[in-house]
Amino acid sequence: MKKYLTAVVAVAAVATLAAPATATAETTATLATRTTVTSTATAVAAGTKAAFAPTPIRTVRPGERVDAGKGWTVWLTRQGKYWSGPDGYENFRSVVDGNIDRSEPGVSHQSEGDQNGVFHSGLYYGTRNAGRVELTDADGRKTAATLVALPGRSDWGVWYVHTGPSEGSPAVALYDRSGKLLADLPAWDF
């Protein structure tokens with residue numbers, strides 16, 4: 001593996017030196033990007049595991065409105081998750097009414113959309129170590145959600161993401177900061 005990476009770097013260096021003197025920085029950057037992509041693809045092909053990248057968690061004040069994009073807004077209070085869409089209608093999902101068990105990791109999912117796309121959101125709960133919420137559609141495409149929490153990293157927070165229009169509901173998975181699966185909801189058709 002080390003020999004191969006050295007050879008790739010050497011080829012990239014020769015290609016850069018052999019390029020006309022009028023080559024732009026953009027051309028050099030493109031070549032460097034291709035070299036990096038080739039090296040990464042080679043590492044994956046060699047069996048090394050890609051690093052898990054946890055999603056940063058945005059901390060917000062209770063009641064602070066978060067622009068979730070495309071006319072959607074989410075906000076959190078000590079009682080739970082609120083969200084509203086482009087039509088202005090507000091929805092609520094409680095974290096204190098006993099409908100979720102915060103003693104174990106879990107994830108909920110609500111979605112609203114049409115032929116232009118779908119807004120997905122939900123709660124993640126039962127952990128102070130949330131690292132990522134990810135949706136997987138019927139074609140296996142994965143989409144990472146944005147995470148939002150109240151100060152002090154309580155044992156729950158909110159996630160949201162936009163996807164294209166789809167048939168059915170995607171699978172939803174909650175991972176900890178190291179990439180370990182904590183909870184999931186299977187996909188289903190509706």
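Buried means under 20% relative accessible area, exposed means over 50%, and partly exposed is what lies in between. Keep those cut-offs handy, because phenylalanine 92, at 38% relative accessibility, counts as partly exposed. You'll visit that residue on this tour. One thing to remember as you click around: this is a predicted model.

**Stop 1: the whole chain**

Start with everything shown as a cartoon. The protein chain has 2 helices and 14 strands. If you colour by burial, buried residues make up 37% of the 190 residues. Now think about contacts between residues at least 6 apart in sequence: 54% of them join residues at least 24 apart.

**Stop 2: a four-stranded sheet**

Select strands S2 to S5. In what order do the 4 strands of this open sheet lie? The order is S2-S3-S4-S5, and the pairing is antiparallel. Strand S2 (66-69) and strand S5 (90-94) are at the edges with a single partner strand each, so one side of each has no neighbour in the sheet. Going from one strand to the next, the twist averages 25°.

Zoom in on the middle of the sheet. Strand S3 (residues 72-77) and strand S4 (residues 80-84) run antiparallel and are joined by 5 bridges. Click on tryptophan 75 and look across to S4: its bridge partner there is tyrosine 82.

The charged end of arginine 65 sits over the tryptophan 75 ring, 3.5 Å from its centre. You can find another arrangement of this kind by selecting lysine 81 and tryptophan 83. Here the charged end of lysine 81 sits over the ring of tryptophan 83, 3.6 Å from the centre.

**Stop 3: rings meeting rings**

Next, show the aromatic side chains. A pair of aromatic rings is described by the distance of the centres and the angle of the planes. How many aromatic pairs does the structure hold? There are 5.

Select tryptophan 72 and phenylalanine 119 to see one of them. This pair is stacked, at 4.5 Å centre to centre with 10° between the planes. It links distant parts of the chain: tryptophan 72 is in strand S3 and phenylalanine 119 is in strand S8 (residues 117-125), 47 residues apart. Are these two buried or exposed? Tryptophan 72 has 10% relative accessibility, so it counts as buried, and phenylalanine 119 is buried too, at 2%.

Tyrosine 82 lies in strand S4 and phenylalanine 92 in strand S5, so the pair ties together parts 10 residues apart in sequence. Tyrosine 82 is partly exposed, with a relative accessible area of 21%, and phenylalanine 92 is partly exposed at 38%.

Before you move on, select Trp72, Phe119 and Tyr160 together. Ring pairs link these three into a cluster.

**Stop 4: histidine 120**

Histidine 120 is in strand S8. With 1% relative accessibility, histidine 120 counts as buried. Which side chain makes a polar contact of 2.9 Å with the side chain of histidine 120? Select histidine 109 and you have it. Leaving out residues up to four places away in sequence, histidine 120 also touches several others, including Leu135, Trp159, Tyr160 and Pro170.

**Stop 5**

Follow Tyr160 to the next stop. In S12, tyrosine 160 is the bridge partner of threonine 146. Strand S11 (residues 146-149) is joined to strand S12 (residues 156-163) by 3 bridges, and the two run antiparallel. They form a hairpin with 6 residues between them, and in the turn you can pick out glycine 152, with a positive phi of about 85°.

S1 runs parallel to S11, and 3 bridges join them. Arginine 58 stands opposite valine 148 in S11.

**Stop 6: glutamate 134**

Finish in strand S9 (residues 130-136), where glutamate 134 lies. Is glutamate 134 buried or exposed? At 11% relative accessibility, glutamate 134 counts as buried. Its side chain and that of arginine 132 are joined by a polar contact of 3.0 Å.

Glutamate 134 and alanine 171 are 37 residues apart in sequence, with 8.2 Å between them in space, C-alpha to C-alpha. Ala171 is among the residues that glutamate 134 touches, as are Lys142, Val172 and Tyr175, not counting residues up to four places away in sequence.

Methods: Residues are numbered from 1 along each chain as its sequence is written. This is a predicted model: local features need pLDDT of at least 70, side-chain atom pairs count only at pLDDT 80 or more; totals for chains, interfaces and linings use all residues. Side-chain values use heavy atoms; hydrogens and water are left out. Two strands pair if DSSP finds at least two bridges between them. Axes are lines fitted to C-alpha atoms, for helices over the stretch in contact, and angles run from 0 to 180 degrees between N-to-C directions. Rings of Phe, Tyr and Trp (its six-membered ring) pair if their centres lie within 6.5 Å; planes under 30 degrees apart count as stacked, over 60 as edge-to-face and the rest as tilted. Buried means under 20% relative accessible area, exposed over 50%, partly exposed in between (1.4 Å probe, protein chains only). A charge sits over a ring if NZ of Lys or CZ of Arg is within 6 Å of the ring centre and within 35 degrees of the ring normal. A polar contact is a pair of N or O atoms within 3.5 Å; within protein, one must be able to donate a hydrogen and the other to accept it, and residues adjacent in sequence count only if both atoms are side-chain atoms. Contact means heavy atoms within 4.5 Å.
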